[in-house]
Amino acid sequence: MTGMEMKTDLDHQDPMVVIKNLHKSFGKTDVLKGINLSVWPHEVLGIIGPSGSGKSTLLRCVNYLEQPTQGNIWIDGEEMTFEKGKKISHSASERHLNRMRTKVKMVFQRYNLFPHMTSLENVEAGLITVKKIKRKIAREQAVTLLTKVGLADKLDNYPAQLSGGQQQRVAIARALIMEPKVMLFDEVTSALDPELVAEVLNVMRELAHQGMTMLVVSHEMSFIEEIAQRLIFLDEGVVAEEGPPSKIFHNPSQERTRLFLKKVLEKR
């Protein structure tokens, strides 16, 4: 199914993610310069572009790991933060943002696992500390998820005892256990040895097949072309081109897109 076909199929639904006029600056450097974007339920949006184009910053703004300089973001119909100017206590604002962050989880280039915790403890921790679920129930759910990502035999291993691919799968399970509405993937295979990439991509491929709404930044172009219904090309902080992967990869309308893809695909 192409991105355009998915859009037609979902016309009767509201977007899962809405980004309006998103700007992000670091000092005098403007990284994002007015992003407007909607992502539909069950859609996989691929995000490509050169280094420094704003791809990772865009993802980090979606779940407010980076606070936007300007603009608004909605997840599943709710704004990530309270309306500006609305009188609300700091603690209430923090509670709201923390609750919203459970709707959108991110997996990073580096695994960010707690080194002193086993795979099982890393995955169950969020349920226990954030959702206040009893340890026994949390552990059962963690075992189920780790089994689904192929790590049933690594439950008691610490991160240092796991390969990079295994650590990344633990990180994915840790995000999924919070039952997010949206998953963000930021170059999750870039730190892996080539032989370990496939095991992580297989987990992401299965999530896509199961209908998870996903925003995926990746340099794995064949993978992006396979799983994404829609693709955006970011360049210098703006969406320079958008469309189905088949069109972007094989018949891009922008010269900048053509030059980028020519350079990237020559390396494959």
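## How two helices cross

Is the crossing of H4 and H6 left-handed or right-handed? In this predicted model, the crossing of H4 and H6 comes out right-handed. On the H4 side, the contact uses Ser119, Asn122 and Val123, and on the H6 side Val170, Ala173 and Arg174. Sorted by class, that contact of H4 with H6 holds three nonpolar residues, two polar ones and one charged one.

As for the geometry, H4 spans residues 119–129 and H6 spans 164–176; they pack at about 25°, and their axes sit 8 Å apart. That angle makes H4 roughly parallel to H6, because anything under 35 degrees counts as such.

## The nonpolar cores

The largest nonpolar core contains 51 residues, and Leu146, Ile172, Phe185, Met204 and Met214 have the most contacts inside it. Helix H7 (residues 194–209) supplies the largest share of this core, with eight residues.

Zoom in on phenylalanine 185: leaving out neighbours within four places in sequence, its contacts are Leu59, Val107, Ile172, Met204, Leu207, Met214, Leu215, Val216 and Val217. There's also another core, lying apart from the largest one, with 29 residues, including Leu32, Val39, Ile75 and Ile232.

## A lysine tucked away

Now for a charged residue. Lysine 103 sits in the loop that runs between helix H3 (90–101) and strand E6 (104–107). With a relative accessible area of 13%, lysine 103 counts as buried, since the cut-off is under 20%.

What does lysine 103 touch, not counting residues up to four places away in sequence? Its partners are Ile75, Asp76, Glu78, Pro180, Lys181 and Val182. One of them, Ile75, also belongs to the 29-residue core.

Technical notes. Residues numbered from 1 in each chain as written. Predicted model: local features only at pLDDT ≥ 70, side-chain atom pairs only at ≥ 80, totals over all residues. Heavy atoms only, no water. Axes fitted to C-alpha atoms, helices over the stretch in contact; angles between N-to-C directions. Helix = DSSP H or I, 4+ residues; strand = E, 2+ residues; numbered from the N terminus. Parallel < 35°, antiparallel > 145°, perpendicular 65-115°, else oblique. Left-handed = near helix turned anticlockwise from the far one by under 90°. Contact = heavy atoms within 4.5 Å. Nonpolar A, V, L, I, M, F, W, Y, C, P; charged D, E, K, R; others polar. Buried < 20%, exposed > 50% of the residue type's maximum accessible area, 1.4 Å probe, protein only. Core = buried A, V, L, I, M, F, W, Y, C linked by side-chain atoms within 4.5 Å.
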